[in-house]
Amino acid sequence: MENTVNDNHPAGHGPTRPLTVADVLALPVLAAGQPRVVTGASQLDRPVGWVHITELTDPASFLKGGELVLTTGMPLPEDATGVRRYVDELADVGAAALVIELVRRYHRPPDALVDACRGRGLPLVTLAEDVNFLEVTQVVHALLLGNQTDAMRRTQRIHEAFTALTLRGAGPEDVVRAAAETSCRTVVLENLAHQALICEASGLTVEEALTDWEQRSRATGPGDHTAIRGPEGWLTASVEYRGERWGRVAMLPARTEGPAFGPEDVTVLERAAMALTVARLIHPTPWERTAHRNALLDLVEQRHRSAQDARARCAALGLPADRGRFVAVMVDLGARAVVGAGGTETESRLMRELSTVGVPALVGELAPERLGVLLGLRASQPWRSVVERLSGTVLALVPEAVVSVGCEVADLTDTARSFRAAARVAEATPPGQRLPPDRSFHELSDIGLRRLLYALREDPRVQEYAERQLRRLVEHDIQHGTDLLTTLRHYLEAAGNKTTAARRGGLSRETMYQRLRTVERLLATDLEAGDQRTELHVALTALDVLRAG
């Protein structure tokens with residue numbers, strides 16, 4: 001495991017950053033020697049795994065790579081060829097840097113040494129003052145060994161955290177969120193079609209993480225083990241079970257220059273992949289369905305941080321944000337849909353139907369027994385034929401379902417308005433409401449007075465209005481066994497034509513006149529006045545809706 005700097009390291013780096021050449025040179029024990037970087041100034045971020053003191057002419061044979069080599073310069077060959085061989089061996093083995101003390105043999109670095117180190121890209125550091133090399137090794141090795149222990153403890157905590165998630169049956173959203181919070185990196189779960197199903201952004205916006213996701217993901221090749229891949233340097237791990245691959249989880253590098261992925265990041269991603277495998281096995285709902293539902297709810301409730309985030313997320317799920325029009329459709333299934341041909345089957349059939357007609361969409365559960373569909377249509381593409389086809393699919397499975405359509409909107413981020421309109425249509429649709437013979441869905445133009453009052457039937461103001469307008473007439477009918485309310489209805493439906501009203505009620509004109517005079521007296525109204533007839537018509541319609549409801 002790569003060694004990391006302790007939280008209280010003088011350089012002040014975080015716990016996941018490896019100890020570098022620059023960090024060691026900044027330690028007081030080495031800073032006292034007035035270090036000067038002669039070559040390889042751009043390579044000071046090389047990790048240091050050990051400090052090696054040597055006065056041998058062939059120190060490389062005792063090295064494994066990553067060592068900071070300390071020497072007084074005494075063993076350096078005299079000739080340029082020998083110096084080049086000395087440096088080549090250090091560079092070939094992967095030494096982190098060469099530090100030479102200019103006190104005993106040399107007072108300035110030999111030109112051959114400088115040229116050789118520059119040619120191999122090996123950092124060469126000189127010390128103008130005497131330094132206790134043994135003290136340097138003690139300080140650095142204490143840091144390295146201590147931080148190895150810290151790293152092991154952090155790794156253990158990572159294992160424990162993801163084990164706890166698995167034991168409590170956490171879903172994929174919880175697992176991805178834990179991976180992002182633990183690593184402080186953006187983590188994305190995608191399916192085999194390169195659709196980003198879950199994105200937990202950390203250090204990046206959702207827009208930065210998901211823009212052009214499919215193209216970027218396809219450029220990041222697959223692999224059988226956790227590794228850094230692709231032109232952007234994603235850290236990826238497969239999510240699979242017994243050879244069946246379901247997708248992969250990707251950890252994205254930070255937007256700004258920072259440390260590369262370390263062993264702890266690999267551990268986090270591998271444990272996340274394992275937890276996602278278990279979540280897939282114990283949670284029957286497909287990831288795609290959950291992703292669609294969450295995206296729809298975020299649009300309906302306008303929970304996105306920005307319009308750009310919303311567009312990037314939906315595009316990464318397969319709904320292009322640059323479509324000309326968007327239309328919301330709501331499917332109310334009713335209580336019977338909970339069993340048999342229920343919401344899950346209806347949702348699957350809708351997604352297959354949309355795939356058949358080639359219309360990109362999001363389909364998901366908005367509430368118990370209510371599905372939402374967001375259609376992304378080209379500017380010239382009619383939506384009625386698409387909705388009619390979807391409605392036919394729904395009614396074939398659940399005959400009592402109600403399909404409601406909202407208004408067209410031109411921007412993805414305005415789809416909440418379309419869903420609100422569809423909800424108003426659904427609220428204004430009584431069970432068994434008849435439709436025109438040429439369609440099987442409800443839309444805004446269907447909402448007339450009766451359906452508007454039906455939608456408002458639970459509003460006390462509507463109830464109070466109907467009661468205030470008609471109470472005396474209703475009570476008179478109850479007390480005297482009359483049916484003046486029906487007489488009033490016939491009169492209002494005939495638009496004030498007494499002859500037509502009498503014929504509809506099977507009454508003589510004289511009887512109709514007499515009853516209408518009684519109605520006027522009881523209600524203290526003038527039935528010849530158009531505005532008062534309108535008020536009574538609204539009140540009577542509200543009363544009919546309340547009684548039917």
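User: Is Arg245 buried, exposed or partly exposed?

Analyst: Bearing in mind that this is a predicted model, Arg245 counts as partly exposed, because its relative accessibility is 29%.

User: And what does Arg245 form a salt bridge with?

Analyst: Arg245 forms a salt bridge with Glu240, and the closest N and O atoms of the two are 3.2 Å apart. Glu240 is partly exposed as well, with a relative accessible area of 33%.

User: How many salt bridges are there in the whole structure?

Analyst: A search of the whole structure finds 32 salt bridges. One of them joins the side chains of Asp298 and Arg313, at 2.2 Å from N to O. That pair links distant parts of the chain, since Asp298 belongs to helix H10 (residues 287-300) and Arg313 to helix H11 (residues 307-316), 15 residues apart.

User: Are Asp298 and Arg313 buried or exposed?

Analyst: Asp298 is buried, and Arg313 is buried too. They also take part in a network of salt bridges that links Asp298, Glu301, Arg303 and Arg313.

User: What else is buried in H11, and what covers those residues?

Analyst: Besides Arg313, the buried residues of H11 are Asp309, Ala310, Ala312, Cys314 and Ala316. What covers them includes strand E7 (196-200), helix H7 (206-210), helix H8 (213-219), H10 and strand E12 (361-367). Just after H11 comes Gly318, which takes a positive phi of about 105°.

User: Which residue does Glu528 form a salt bridge with?

Analyst: Glu528 forms a salt bridge with Lys498, the closest N and O atoms being 2.7 Å apart. Glu528 sits in the loop between H19 and H20 while Lys498 is in helix H18 (residues 498-505), so this pair ties together parts that are 30 residues apart in sequence. Lys498 itself is partly exposed, with a relative accessible area of 24%.

User: New topic, helix H16. What span should its 21 residues have, and how far apart are its end C-alpha atoms?

Analyst: Helix H16 covers residues 460-480, and at 1.5 Å a residue its 21 residues should span 30 Å; the end C-alpha atoms are 28 Å apart, which agrees with that expectation. The helix does bend, by about 65° at Leu470.

User: Where is Leu444, and what does Leu444 touch?

Analyst: Leu444 is found in the loop between helix H14 (415-427) and H15. Leaving out residues up to four places away in sequence, Leu444 touches Val405, Cys407, Ala421 and Val425. Of these, Ala421 is 23 residues from Leu444 in sequence, with 7.2 Å between their C-alpha atoms in space.

User: Last one, the sheet. In what order do the five strands run?

Analyst: The five strands form an open sheet with mixed pairing, in the order E1-E5-E4-E3-E2. Strand E1 (35-39) and strand E2 (50-53) stand at the edges with a single partner strand each, so one side of each is left without a neighbour in the sheet. From one strand to the next, the twist averages 25°.

User: How do E1 and E5 pair, and which helix lies across them?

Analyst: E1 and strand E5 (residues 124-127) pair in the antiparallel sense over four bridges, and Pro35 stands opposite Leu127 in E5. Helix H4 (residues 111-120) lies across E1, strand E4 (97-101) and E5, and runs at about 70° to E1.

Definitions and conventions. Residues are numbered from 1 along each chain as its sequence is written. This is a predicted model: local features need pLDDT of at least 70, side-chain atom pairs count only at pLDDT 80 or more; totals for chains, interfaces and linings use all residues. Side-chain values use heavy atoms; hydrogens and water are left out. Helices (H or I, at least four residues) and strands (E, at least two) are DSSP runs, numbered from the N terminus. The expected span of a helix is 1.5 Å times one less than its number of residues. The bend at a residue is the angle between axes fitted to the seven residues ending there and the seven starting there. A salt bridge is a side-chain nitrogen of Lys or Arg within 4 Å of a carboxyl oxygen of Asp or Glu. Buried means under 20% relative accessible area, exposed over 50%, partly exposed in between (1.4 Å probe, protein chains only). Two strands pair if DSSP finds at least two bridges between them. Axes are lines fitted to C-alpha atoms, for helices over the stretch in contact, and angles run from 0 to 180 degrees between N-to-C directions. Contact means heavy atoms within 4.5 Å.
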